[in-house]
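Hi,

Here is the structure I said I would pass on.

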Amino acid sequence: MSSSFFESSSIINYSPEFYERKKIQSFEEIDFGNTQFVNWLNTYGLNFQKEFREVIQTNKLDDFLIKLISEKNHLNKVIELEDVLFVSIRVLKTDKPQIDSEQMFYIVSDEFVWSIQEKPGDYFGWIRERLELNRGIVRKKKADYLLFLLLESIVENYQETFQKLAEFNDDSLGPLNIKPTPEFTALVENRKKELFSFKKAAFGLRDTVVKLEKIEIEDFETKYYSELKEQTNNLLNDIDFELQELESNLNLIFSIQGHRLNEVMKILTIFSVIFIPLTFLAGIYGMNFENMPELKTQNGYFILLAVMALISIISIWIVSKKKWF
């Protein structure tokens, strides 16, 4: 199992003048106490509980971390321990058509970040590139700034994915494409489900950022997280705006359906206005009574047809004058 843990883990050591990225071969290579560098250990998988315990005990970290990492289905948490910060968030996986989620843990101090991800693959490639090429100020900063970049990368991924979905849905769900059909309504409802997933994840991330703003660990800078909170608020506002648009689309669909139903009912009513009197007359003279003088009239049939025609003309004239059609 340890070999699998080493294969699933990598470590980056960096300082303003130094950078090294390597695969791990033994627990001795994981030295969070080395203050010459900032250490970023990244592990894919949550099933290495024995190895997690070994790393924690070897580096003399708070034993409570063992319990925290072993728990499943964490809520978003920010817990201050002795000289160590534990952050737990559930993150959306957007690299596949079907949006999924995964658990992430971050264990942070002045000089190291240990990121643990439930599933392989992440959005942190640009951070690794900046570290390797010494771009920007990341190698001049401590681990608190690295944690900020990791969380910012998640927020930016949410924003990019949201924009792509918004552009796609503008084409398929825009005002010009609104159709009062079950298929269109199903598309709108599916989009709303996606947006609610994004909103839930963004809310959780914003709560985590707000908690990070308030921590009081020595030498841990919290100023970075104000900007991150603003980004998550903007994302939430964008999601709410699109939800309102989709709700408006649904209301428009119901309005179109109601209008069509009214048109049908109007036409049926007009036909009823014209034909009910005719049906009444036909019903009277269709009765088989002996004593009906009109039945004996020589031109009674033609007179009745003329009366019916006159009633029809008058009915149509009244409907037309009232502008019912």
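**Ser9 and the cores**

Setting aside neighbours within four places in sequence, Ser9 makes contact with Lys23, Ile24, Leu41, Asn42 and Thr43. Bear in mind as you read that this is a predicted model.

Staying with that serine: Ser9 sits in strand S1. Ser9 counts as buried because its relative accessibility is 1%, and the cut-off for buried is under 20%. The Ser9 side chain also comes to 2.8 Å from the backbone oxygen of Phe5. For a sense of scale, Ser9 and Leu165 are 156 residues apart along the chain, and their C-alpha atoms are separated by 32 Å.

Now the packing. The largest nonpolar core has 54 residues, and the ones with the most contacts inside it are Leu85, Tyr106, Leu151, Ile154 and Tyr225. Elements giving two or more residues to this core include strand S1 (9-15), strand S3 (38-44), strand S5 (84-93) and strand S6 (100-108) on the strand side, and helix H4 (125-133), helix H5 (143-173), helix H6 (182-213) and helix H7 (224-284) on the helix side. H5 supplies the largest share, 13 residues.

Which residues does Tyr106 touch, not counting those up to four places away in sequence? They are Leu85, Phe86, Val87, Ile89, Val113, Trp114, Ser115, Phe124, Leu147, Leu150, Leu151 and Ile154.

There is also a second, separate core of 25 residues, with Phe5, Leu68, Ile69 and Ile107 among them. Phe5 is the residue whose backbone oxygen the Ser9 side chain reaches.

Cheers

Terms used: Residues are numbered from 1 along each chain as its sequence is written. This is a predicted model: local features need pLDDT of at least 70, side-chain atom pairs count only at pLDDT 80 or more; totals for chains, interfaces and linings use all residues. Side-chain values use heavy atoms; hydrogens and water are left out. A nonpolar core is a set of buried Ala, Val, Leu, Ile, Met, Phe, Trp, Tyr and Cys residues joined through side-chain atoms within 4.5 Å. Buried means under 20% relative accessible area, exposed over 50%, partly exposed in between (1.4 Å probe, protein chains only). Helices (H or I, at least four residues) and strands (E, at least two) are DSSP runs, numbered from the N terminus. Contact means heavy atoms within 4.5 Å. A polar contact is a pair of N or O atoms within 3.5 Å; within protein, one must be able to donate a hydrogen and the other to accept it, and residues adjacent in sequence count only if both atoms are side-chain atoms.
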